[in-house]
Amino acid sequence: AERALQALAADTGGFLEVSGEGEVLYVFPEDYRAKLAGKSFRMRVEPLVDKAKEAGAYLARVSFGTALVASIVLVYATIIAILSSSSDEDNRGRRRRSYGSTMFLPTDLFWYLDAGSSRRRRVEKDKGMSFIESVFSFVFGNGDPNDGLEERRWKMIGQYISSNGGVVTAEELAPYLDVPAPAEQTNSKDDESFILPVLLRFQGHPLVDDQ
């Protein structure tokens with residue numbers, strides 16, 4: 001029953017209160033049924049939306065990469081066609097020398113697009129990043145910087161709880177959690193509902209001391 005109350009409060013914006021007799025009370029908003037239904041709907045829809053976003057991003061990367069390679073191939077094909085169309089051996093040789101002094105490799109495209117490319121290449125090389133990975137990083141960035149944040153967050157919380165013998169206060173865990181700003185707290189001045197996901201995940205339960 002306690003696990004169910006914690007899950008219900010965490011999903012519907014409920015919070016904990018201490019009665020005058022020192023008992024822990026679970027307080028739920030009047031529209032908790034509507035909030036629970038909305039949460040259930042989002043849990044069903046969000047995986048589909050995430051998959052659609054991933055597919056769209058993949059198609060965008062493939063399209064951009066294909067267009068980039070095709071444009072480079074087209075440029076080189078045009079240069080080769082111009083060089084091979086001339087029948088004058090001397091002029092063709094001069095053209096080759098002229099083009100040889102200005103011709104660029106496909107990798108030069110990224111060199112000219114970024115003034116700091118040489119420094120980035122050295123850094124990426126030190127980290128073991130391949131050329132393809134470097135190009136992908138330059139064009140699309142390095143992904144979500146918060147990737148894996150939740151896993152690291154829960155690991156640190158678990159380690160902190162263990163180091164304190166399994167007994168902690170909400171204030172101690174606040175730095176690890178997304179605590180709402182005071183202006184956003186509409187429940188009570190001592191709202192500690194942010195601790196509910198921790199209680200639920202680590203099978204804890206709230207206690208009230210003499211103070």
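1. A word on the model before we start. This is a predicted model, in which local features need pLDDT of at least 70, side-chain atom pairs count only at pLDDT 80 or more, and totals for chains, interfaces and linings use all residues. Residues are numbered from 1 along each chain as its sequence is written, and side-chain values use heavy atoms, with hydrogens and water left out.

2. Strand β1 (residues 15–18) pairs with strand β2 (residues 24–27) in the antiparallel sense over 4 bridges. Strands here are DSSP runs of E, at least two residues, and helices are runs of H or I, at least four residues, numbered from the N terminus; two strands pair if DSSP finds at least two bridges between them. Across the pair, Leu-16 stands opposite Tyr-26 and Glu-17 opposite Leu-25. Between β1 and β2 lie 5 residues, and Gly-22 in the turn has a positive phi of about 85°.

3. Next, look at α1 and helix α2 (residues 32–85). Their axes come within 9 Å and cross at roughly 85° (axes are lines fitted to C-alpha atoms over the stretch in contact, with angles from 0 to 180 degrees between N-to-C directions). The two helices are therefore roughly perpendicular, a label for angles of 65 to 115 degrees. Leu-8, Asp-11 and Thr-12 of α1 meet Tyr-32, Lys-35, Leu-36 and Lys-39 of α2, where contact means heavy atoms within 4.5 Å.

4. The largest share, 4 residues, comes from α1.

Conventions
Parallel < 35°, antiparallel > 145°, perpendicular 65-115°, else oblique.
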